[in-house]
Amino acid sequence: MEDELPRVTVRMLARAERTCPRRLALDHADQRANYGANRGYRIRSQIEADARLAHTGLTAPRAEHFRPTDDLLEEERRVYELAALWYVALFGAEPVVVADVDTNEMETVAVRTGVRLVGGAGLALESATGERELRIVSIGDRSTEELLDAPSVRFALLRRPAWTRLGVVRVVRADLLGGWAVEEEVDGARCWDEWVAWLHERIGAIRSAADKGAPRAGWECARCPYIAGCRALR
């Protein structure tokens, strides 16, 4: 039954009204397609995985925790090495430990909402003194929203309901290409209903905008995984 639930990603939540209706509908239905390589995603995923491994115990990250895998291209390797340097520079002062191992998988089933939340959810961490932190890293982040309004932040918090609702959490968003980080504290228990209402509103927007029969040619076509057979390009 869970496999039949439609999927929702950060991209859909953020761009439902600006996305081609056909692509949105097929993405929401989890239609299988051929996806091209997303280099930024590959590098970020590896950095995040290495960081999670480094924080298996109460540890501060060090350079030796980060080793690029052999499948990275030369330019990807250089970006990875820069990202690793920035991760250690930004976060190397305080030992923390992963505090929410259950959300390491790539999806959370939101049964009451009737969707699967699919995508990375950052790192949920805890310090030696019990302070909690949600750490979200990116490679070349161009988002302009206020920190707690960012879809990626809300998505990550919503993917771990039990952990989020424990109380105050420091949310940190860091870009490991630009070498910057911003942070803000929020009470997850107090804001939970607001975030759920936002999620329902955005899912409504996705469902309203999604239409397999209304393809729209535009800037997305070059990277669309459903371009084969699209009527808008005939």
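**Entry 1**

I started at Phe91, which comes out at 9% relative accessibility, so I put it down as buried; the cut-off for that is under 20%. This is a predicted model, which I keep in mind throughout.

Next I asked what sits over the ring of Phe91. I found the charged end of Arg135 there, 3.8 Å from the ring centre.

Then I looked for ring partners. Tyr87 and Phe91 have their ring centres 4.9 Å apart and their planes at 55 degrees, so I noted a tilted pair. Both residues belong to helix α4, four residues apart, or about one turn of the helix. Tyr87 has a relative accessible area of 1%, so I count Tyr87 as buried too.

**Entry 1: aromatic pairs elsewhere**

How many aromatic pairs does a search of the whole structure find? I get two. Phe66 and Tyr87 make a tilted pair, with 5.5 Å from centre to centre and 55 degrees between the planes. This pair links distant parts of the chain: I place Phe66 in the loop between α3 (39–54) and α4, and Tyr87 in helix α4, 21 residues apart. I checked burial here as well, and both Phe66 and Tyr87 are buried. Putting the rings together, I get one aromatic cluster of Phe66, Tyr87 and Phe91.

I stayed on helix α4, residues 74–91, and moved to Leu85. Is Leu85 buried or exposed? With a relative accessible area of 58%, Leu85 is exposed, since the cut-off for exposed is over 50%.

**Entry 2: strand β6**

Arg135 took me to β6, where I looked at which way the side chains go. In a regular strand they alternate between the two faces of the sheet. I see Arg132, Leu134, Ile136 and Ser138 pointing one way from β6, and Glu133, Arg135 and Val137 pointing the other way. Seven of the seven residues of β6 (132–138) are buried, so I describe the strand as largely enclosed by the rest of the structure.

I also checked Arg132 for a ring, and Arg132 lies over the face of Trp163, 4.5 Å from the ring centre.

**Entry 3: who pairs with whom**

On to the strand pairing. I have β5 (residues 123–127) antiparallel to β6 over four bridges, and Arg135 in β6 is the bridge partner of Leu123. The β5–β6 hairpin has four residues between its strands, and I noted that Gly130 takes a positive phi near 90 degrees there.

In which sense do β6 and β7 pair? They run parallel, over six bridges, with β7 covering residues 168–175. I marked Ser138 as standing opposite Asp175 in β7.

Strand β7 also pairs with β8 (residues 180–187), in the antiparallel sense and over eight bridges. Here I found Arg173 opposite Val182 in β8. These two strands form a hairpin with four residues between them, and Gly179 in the turn has a positive phi of about 75 degrees.

**Entry 4: salt bridges**

Side chains of opposite charge can pair when their charged atoms come close. My search of the whole structure gives 21 salt bridges.

I opened Asp100 and Arg160, whose side chains meet at 2.8 Å, N to O. I find Asp100 and Arg160 both buried.

Glu133 and Arg170 came next, with a salt bridge at 2.7 Å, N to O. Glu133 is in β6 and Arg170 in β7, so this pair ties together parts 37 residues apart in sequence. I have Glu133 and Arg170 down as buried.

Back at Arg173, I found a salt bridge to Asp141 at 3.5 Å, N to O. Arg173 is in β7 and Asp141 in the loop between β6 and α5, so the bridge ties together parts 32 residues apart in sequence. Arg173 has 6% relative accessibility, so I count Arg173 as buried.

Last, I traced one network of salt bridges with shared partners, joining Arg7, Arg11, Arg23, Asp27, Asp30, Glu107, Arg116 and Glu220.

Notes: Residues numbered from 1 in each chain as written. Predicted model: local features only at pLDDT ≥ 70, side-chain atom pairs only at ≥ 80, totals over all residues. Heavy atoms only, no water. Buried < 20%, exposed > 50% of the residue type's maximum accessible area, 1.4 Å probe, protein only. Phe/Tyr/Trp six-rings, centres within 6.5 Å; stacked < 30°, edge-to-face > 60°. Lys NZ or Arg CZ within 6 Å of the ring centre and 35° of its normal. Pairing = 2+ DSSP bridges. Salt bridge = Lys/Arg side-chain N within 4 Å of Asp/Glu carboxyl O.
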